[in-house]
Amino acid sequence: MTMTIRALLGACAVGALATAATAETITVATVNNGDMIRMQGLMADFEEKHPDIDVEWVTLEENVLRQRVTTDIATKGGQYDVLTIGTYEVPIWGKQGWLVSLNDLPAEYDADDILPAIRNGLTIDGELYAAPFYGESSMVMYRTDLMEQAGLTMPEAPTWDFIKEAAAAMTDKQNEVYGICLRGKAGWGENMAFLTAMANSYGARWFDMDWQPQFDGEAWKATLTDYLDLMNNYGPPGAANNGFNENLALFQQGKCGMWIDATVAASFVTNAAESTVADKVGFALAPDKGLGKRGNWLWAWNLAIPAGSQKVDAAKAFVAWATSKDYLALVAEEEGWANVPPGTRTSLYENPEYQKVPFANMTLESINAADPTAPTVDEVPYVGVQFVAIPEFQGIGTAVGQQFSAALAGTVSAEQALQSAQQLTEREMKKAGYIK
Amino acid sequence: MARAASPRRRAVTTVIAWAVGLAIFFPILWIVILSFKSEGDAIRPPLQVLTSAWTTHTYAEVQERSDYFRHFMNSVIISFGSTLAALAIAIPAAWSMAFVPGRRTKDLLMWMLSTKMLPAVGVLVPIYLIFRDTGLLDTRTGLVIVLTMINLPIVVWMLYTYFKEIPSEILEAARMDGAGLRDELLYVLTPMAVPGIASTLLLNVILAWNEAFWTLNLTASKAAPLTAFIASYSSPEGLFYAKLSAASTLAIAPILILGWFSQKQLVRGLTFGAVK
């Protein structure tokens, strides 16, 4: 009897060891946004397909995540097996050899289906270093009722002049309705994302081909002056503190006539549970100045595998699952087409069901209108539409953003802000060795 | 004898004290209020926030999304573990500095305090590398070690000032009665310094509980305490004030309750020796 029990116990122990040895745990670092949280709720599907892989989530605020992940990847700490990173990091980290190439994902993954604009930003020297989880651009969101009241019709591809005219016509400060809401909060991913994209359409660029900063040029001056004019005359009070979320709140409360921001906002402003104007929103492409470039950006949150990971195969299985066509279909089935992570796959936009989503086509056209390798009118030495993919850009971008935010708050003039921006960028670029 | 305060003066002091108290407490109160609102209501202007509907929905959502209890247990282990470890080192250290000071004791104390002036991020990478090589990344042991080290100077300083208040004659008397060093520390000094030790303990637990730099940077998932729990609720795109407030309320509630129950100890300890 005791023998049998012993034998059984032994067998159990061996069994436990065996399962412990085959089940692999991967740690996924991610940001807190709707699409990512939704994925955490759909993990049953992954577990079913890969019973041997356990997934641990680490959700962090964007800037904390960036700092945290940078430390880990630079020291090859190996804490994470899958990282959620932006299109800004991918080219820099890929070049450093910090990321595992994803060129060998299985054929059914169909990497060629990824939207070319997004894919180009994630590929360095022919190696795909990250798989896009969702992509976004920016576009004009406007109140159809206010536009009608003003007697205007929004064209599908408006110009900056029309935006100004419409903003003037829609503004009704007594009733707290402001013609236009734009980002003003300082930060390379806040006001500078918008302003850099706007500057592209004005023919401005961050650097010429010799990495010389261009803030002393006419194009930047025109950009900043027009931006300040729009915001000072037709924008909400205290706009220098407004980022994405603040403007989202204003728009949802019916206080903005137009808002030019991330395409992902479309699903928030048309959501009747949160938005008071859900049924009165129209979409248009980001404005242009007749120079052949539009003022819209290109961003994607991507999944990448750090070179320090010990579980590359399991990590690849996860990345392939989370960015696959099947995952998009799974979300559509469980949560409806409007909640599918947008902007990554051509096949999604060819799906007649998805085309019924009101903002689907405008999102696709906006993404296609942006080219990270040729963001503005003139040639540039860098990659990136609303950013410059060099490690120094976070610091420089935020410092310049503070100058422009101060100009919006009225503490410095546009000329002073541009001059300071030019000086500080020149200094940093010299320090980093780009210019002598 | 204390001078009797006139009723008018007392009224003014009371009003000022309440005003200061409310001003300090207001942010916490506002967090608690926001945590009982829906996301849409939480971003309205303040007056509309107060008049909008109350809900416990956000708490349900937070509960559903993350494992509060695991983060809570990590916080408890890390903050109490590091505090007890720091006390074990600091009590003998402060004893020797207070009762048998050497020529350089003052300098030593100053030097210990100066380590607190170093910006933490300056040593992040070296510590990260040490932790990586010793396998301490994302472990509670690792965090206990780091938090013990960074709070040790404060613990030594606090205990040192309390011990200084104890007349050394009492210790001498104990020695004359034949008490050894161990007995002197355990049966004479420690009981007399209990209020001081208790308030050091409480203060240090609060400091360790709230510590966010190291606890965020050295953990991933397994050892992540409540600071990481809060950090997961801020969102770059989308509304998050209500959920973030609910997460914050859940994270600060235990320490608030602990502080409430031990406020007498805390105040007594902090003013220890002030009135003889």
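## Domains of chain A

The centres of domain 1 of chain A and domain 2 of chain A, taken over C-alpha atoms, are separated by 30 Å. The model is a predicted one. Domain 1 is made of residues 18–129 + 299–355, and domain 2 of residues 138–297 + 381–431.

In the contact between the two domains, 7 residues come from domain 1 of chain A and 8 residues from domain 2 of chain A. On the side of domain 1 that touches domain 2, 6 residues are nonpolar, 1 is polar and none is charged.

## Helices α8 and α10 of chain A

Helix α8 of chain A covers residues 160–170, and helix α10 of chain A covers residues 218–234. Their axes come within 10 Å and cross at roughly 15°. Because angles under 35 degrees count as roughly parallel, α8(A) is roughly parallel to α10(A). The crossing in which α8(A) passes α10(A) is left-handed.

On the α8(A) side, the contact is made by A:Trp160, A:Lys164, A:Ala167 and A:Ala168. The α10(A) side contributes A:Asp226, A:Leu230 and A:Tyr234. By class, the residues of this contact of α8(A) with α10(A) are 5 nonpolar, no polar and 2 charged.

## Helices α10 and α19 of chain A

Helix α10 of chain A also meets helix α19 of chain A, which spans residues 414–431. The axes of α10(A) and α19(A) come within 10 Å and cross at roughly 135°. The two helices are therefore oblique to each other. Their crossing is right-handed.

From α10(A), the residues that meet α19(A) are A:Trp220, A:Lys221, A:Leu224, A:Thr225 and A:Leu228. Their partners in α19(A) are A:Ala414, A:Ala417 and A:Leu418. The residues of the contact of α10(A) with α19(A) comprise 6 nonpolar, 1 polar and 1 charged.

## Contact between chains A and B

How many residues of chain A are in contact with chain B? There are 28 on chain A, and they are in contact with 24 residues of chain B.

Several elements of chain A give two or more residues to the side that touches chain B. The strands are β1 (24–31) and β2 (53–60), and the helices are α2 (34–41), α4 (62–74) and α11 (244–252). The largest share of this side of chain A comes from β2(A), with 5 residues. Divided by class, the side of chain A that touches chain B holds 13 nonpolar, 10 polar and 5 charged residues.

Terms used
Residues are numbered from 1 along each chain as its sequence is written. Chains are lettered from A and ligands numbered from 1 in the order in which they are written. This is a predicted model: local features need pLDDT of at least 70, side-chain atom pairs count only at pLDDT 80 or more; totals for chains, interfaces and linings use all residues. Axes are lines fitted to C-alpha atoms, for helices over the stretch in contact, and angles run from 0 to 180 degrees between N-to-C directions. Helices (H or I, at least four residues) and strands (E, at least two) are DSSP runs, numbered from the N terminus. Angles under 35 degrees count as roughly parallel, over 145 as roughly antiparallel, 65 to 115 as roughly perpendicular and the rest as oblique. A crossing is left-handed if the near helix is turned anticlockwise from the far one by less than a right angle, and right-handed if clockwise. Ala, Val, Leu, Ile, Met, Phe, Trp, Tyr, Cys and Pro count as nonpolar, Asp, Glu, Lys and Arg as charged, and the others, Gly among them, as polar. Domain bounds come from an automatic or database domain assignment.
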